[in-house]
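Visitor: I would like a close look at a single part of this structure. Please go through the aromatic rings and the surroundings of a neighbouring strand residue, with the geometry stated.

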Amino acid sequence: MEDELIRLLETKKYPVFRQGSLTEKDAYPETFITFWNTEELGESFYDNGVALTSHSFDVNVYSSSPDTAYSLQRELRDMLKENGWTIQSRGYDVASDEPTHIGRGFAVIYLKNETI
């Protein structure tokens, strides 16, 4: 599911990184998106096997423009929902390592039927 999430996030034409992968040497892009896989759980079981798996992710937007951070977060939420993702939280502030940038995040879940 991680590959599918990255594919969808990249459609917005901003850099996409795994959360925490930018080093101190890397300059922050003006606006970028990060993700973090928080959990993958078997949710339903049948015949000693997993029938349904939930894939949980945090998606974060960082930008030097607060307007862009908020609007891109809303766009990503809508796009992921349209593509079958469940929006677990509408949004929250995310700490930024750079005083020039703000961060906004939200949590998403994808329920994958493992029997198909």
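Guide: What follows covers the aromatic pairs and then one serine. The model is a predicted one. The count of aromatic pairs comes to 5. One of them joins Tyr28 and Phe32, with 5.0 Å from centre to centre and 85 degrees between the planes, an edge-to-face arrangement. Phe32 has a relative accessible area of 2%, so this residue is buried. Phe32 also pairs with Tyr62: the ring centres lie 5.1 Å apart and the planes meet at 20 degrees, so this pair is stacked. The cut-off behind that label is an angle under 30 degrees, whereas edge-to-face requires over 60. The pair of Phe32 and Tyr62 links distant parts of the chain, since Phe32 belongs to strand 2 (residues 31-46) and Tyr62 to strand 3, 30 residues apart. Tyr62 counts as buried because its relative accessibility is 3%, and the limit for buried is under 20%. Phe17, Tyr28, Phe32 and Tyr62 together make up one aromatic cluster.

Ser63 lies in strand 3, which spans residues 49-63. Its relative accessibility is 0%, so Ser63 is buried as well. The Ser63 side chain has a polar contact, at 2.8 Å, with the side chain of Thr31. Setting aside neighbours within four places in sequence, Ser63 is in contact with Glu30, Thr31, Thr68, Ala69, Thr100, His101 and Ile102.

Definitions and conventions:
Residues are numbered from 1 along each chain as its sequence is written. This is a predicted model: local features need pLDDT of at least 70, side-chain atom pairs count only at pLDDT 80 or more; totals for chains, interfaces and linings use all residues. Side-chain values use heavy atoms; hydrogens and water are left out. Helices (H or I, at least four residues) and strands (E, at least two) are DSSP runs, numbered from the N terminus. Buried means under 20% relative accessible area, exposed over 50%, partly exposed in between (1.4 Å probe, protein chains only). A polar contact is a pair of N or O atoms within 3.5 Å; within protein, one must be able to donate a hydrogen and the other to accept it, and residues adjacent in sequence count only if both atoms are side-chain atoms. Contact means heavy atoms within 4.5 Å. Rings of Phe, Tyr and Trp (its six-membered ring) pair if their centres lie within 6.5 Å; planes under 30 degrees apart count as stacked, over 60 as edge-to-face and the rest as tilted.
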